[in-house]
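Here are my notes on the model.

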Amino acid sequence: MGTAGIVLCGGRSSRMGRAKAWLPWRGRPMVAHVVEVLRRAVDEVVVVASEQLELPPLDARVVRDRAPDLGPLGGIREGLSHVESELAYVSGTDAPFLSPAFVKALLAQRRAAALELDGRVQTLSAVYPRAGLACAETLLAAGRLRPIFLLEAFAYRKLPAEALPDPASVRGFNTPAEYLEAVREADPAATATLEFLG
């Protein structure tokens, strides 16, 4: 059974004010960092991006989201339609602390699986079966746009943080302050240049 990684880059990043995929992380764009981590854990990587988003060169197959207004579940549908593997780990592009060990441990469940952290299921750091493609289409057509509905349809395994290595892998960021906090955590001596737009 092969394994895949799907990176979602379709969000508008309205609170961040710029595309998260291009934010620098350890000397390269964030999306390149996430792809590189996934490459160490899976057999194939697909990046789902909006038509408007230019991306740097990536060691991944880049596909365009045909319906970005459908949110993350639409992106998951798009990714599942382009993978050959039976299971796919889905990640947002804002995953600075993602580790191969975390991805492998979730995929080792050999079924739909997700971490529950502080009472919330981490649906954008979860494993989805490729067989869920038809179900995702049905959910989208019915206006049921939350990824948790797809996980529930496959009786997913819900795992506590202590059951997985590197649970900080699910940490993302939505605002410049959260991004800078992550940067400082990785490198206390880091500096940033602010660009004021408009």
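1. Charges. Lys and Arg count as positive, Asp and Glu as negative, while His and the chain ends are not counted. Each charge is placed at NZ of Lys, CZ of Arg, CG of Asp or CD of Glu. On that basis the chain carries 23 positive and 23 negative charges, and their mean positions lie 2 Å apart.

2. Basis. This is a predicted model, where local features need pLDDT of at least 70, side-chain atom pairs count only at pLDDT 80 or more, and totals for chains, interfaces and linings use all residues. Residues are numbered from 1 along each chain as its sequence is written, and side-chain values use heavy atoms, with hydrogens and water left out.

3. Overall form. The radius of gyration (over C-alpha atoms) is 16 Å. A compact globule of 198 residues would have a value near 16 Å, so the two agree; the rule is 2.2 Å times the number of residues to the power 0.38. Along the principal axes, the C-alpha atoms fill a box of roughly 45 × 35 × 30 Å.

4. Contacts. Residues 24 or more positions apart account for 71% of them.

5. Burial. Buried means under 20% relative accessible area, exposed over 50%, partly exposed in between (1.4 Å probe, protein chains only). Of the 198 residues, 49% count as buried.

6. Cysteines. Cysteine 9 is buried because its relative accessibility is 6%. Cysteine 135, at 22%, counts as partly exposed. The structure holds zero disulfides (cysteine sulfur pairs within 2.5 Å).

Definitions and conventions:
Contact means heavy atoms within 4.5 Å.
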